[in-house]
Amino acid sequence: MTEITRVPLQPIAKGTLTKLWAGVLAVALAAAGLAWFSLPPGVKVVTVKAGSGAYPGPEDVVFIKYVGKLASDGKEFDRSPDKPLLPVPGLLPEGVPMLVSGVVPGFSEGLQKMQKGGKYTLRIPAEKGYGATPPPESPIPPNADLVFDVEVVDVMTREQAEQRFQAAQAMMAQQEGAADAAGAEGGEAAPPATDEKPKAADKK
């Protein structure tokens, strides 16, 4: 099965379910013109640019661009690649594909309040992030609150994502096969290499 969960975000332990919440309170900030979504306990999503469409569920796949920073001093510790990883026109969009339930709890909860085409700032308290045990060799200190700037490029079901990955793999394999065949059919074979130096022409 195609791997669709990306690190740098530590996967949730197998069998852990995303907690349900009773409701979501949207508060319009008149001064900043931003919408806030509060998620228990302490996860916050700030809508910088509104998206549209359905909110992703735990088993959906999102394609995102992101920048991760420490809430304490704004130091950047991770970002998605500047160049697209897997874009295949008509099949795979830009952005890093992530299974919503396959990341740390706070990131998973925040993703479920984002929509396709939107841009958001996600604030994750340490207990919903990496807690006291951040990933090995990570610049994230223990018990650090995190901030992510997230752009949601696309949202699809896990089944749709896997079908598209398989189609993209088949397309690339077909293109490689065609290139190999073209190379085998093209032109006359080059003369064999030799260590013998060419003889100088006789002077007349």
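1. K116 and D154 pair through their side chains in a salt bridge, 3.4 Å from N to O. The term means a side-chain nitrogen of Lys or Arg within 4 Å of a carboxyl oxygen of Asp or Glu. The two residues sit in distant parts of the chain, 38 residues apart: K116 in the loop between helix 1 and strand 7, D154 in strand 8. Helices (H or I, at least four residues) and strands (E, at least two) are DSSP runs, numbered from the N terminus. K116 is partly exposed, at 41% relative accessible area. D154 counts as buried because its relative accessibility is 12%. Buried is under 20% relative accessible area, exposed is over 50%, and partly exposed lies in between (1.4 Å probe, protein chains only).

2. A note on the basis. This is a predicted model: local features need pLDDT of at least 70, side-chain atom pairs count only at pLDDT 80 or more, and totals for chains, interfaces and linings use all residues. Residues are numbered from 1 along each chain as its sequence is written, and side-chain values use heavy atoms, with hydrogens and water left out.

3. The salt-bridge count comes to seven. One of them joins E109 and K128, at 2.7 Å from N to O. This pair also links distant parts of the chain: E109 is in helix 1, K128 in the loop between strand 7 and strand 8, 19 residues apart. E109 is buried, with a relative accessible area of 2%. K128 counts as buried too, at 9%.

4. E94 and K65 form a salt bridge at 2.9 Å, N to O. E94 lies in the loop between strand 5 (76–79) and strand 6 (96–99), K65 in strand 4 (residues 60–70), and 29 residues separate them. E94 is partly exposed, at 36%. K65 is partly exposed, at 31%.

5. Salt bridges also link E59, R158 and E162 in a network.

6. Q115 is in the loop between helix 1 (105–111) and strand 7 (119–124). Q115 counts as buried because its relative accessibility is 14%. Beyond neighbours within four places in sequence, its contacts (heavy atoms within 4.5 Å) are G51, S52, G53, A54, Y55, Y120 and V152.

7. Check the backbone at E137 and N143. E137 is not a glycine, yet has a positive phi of about 60°. N143, also not a glycine, has a positive phi of about 55°. E137 is in the loop between strand 7 and strand 8 (146–157), and N143 is in the loop between strand 7 and strand 8. E137 is exposed, at 85% relative accessible area. N143 counts as exposed, at 53%.
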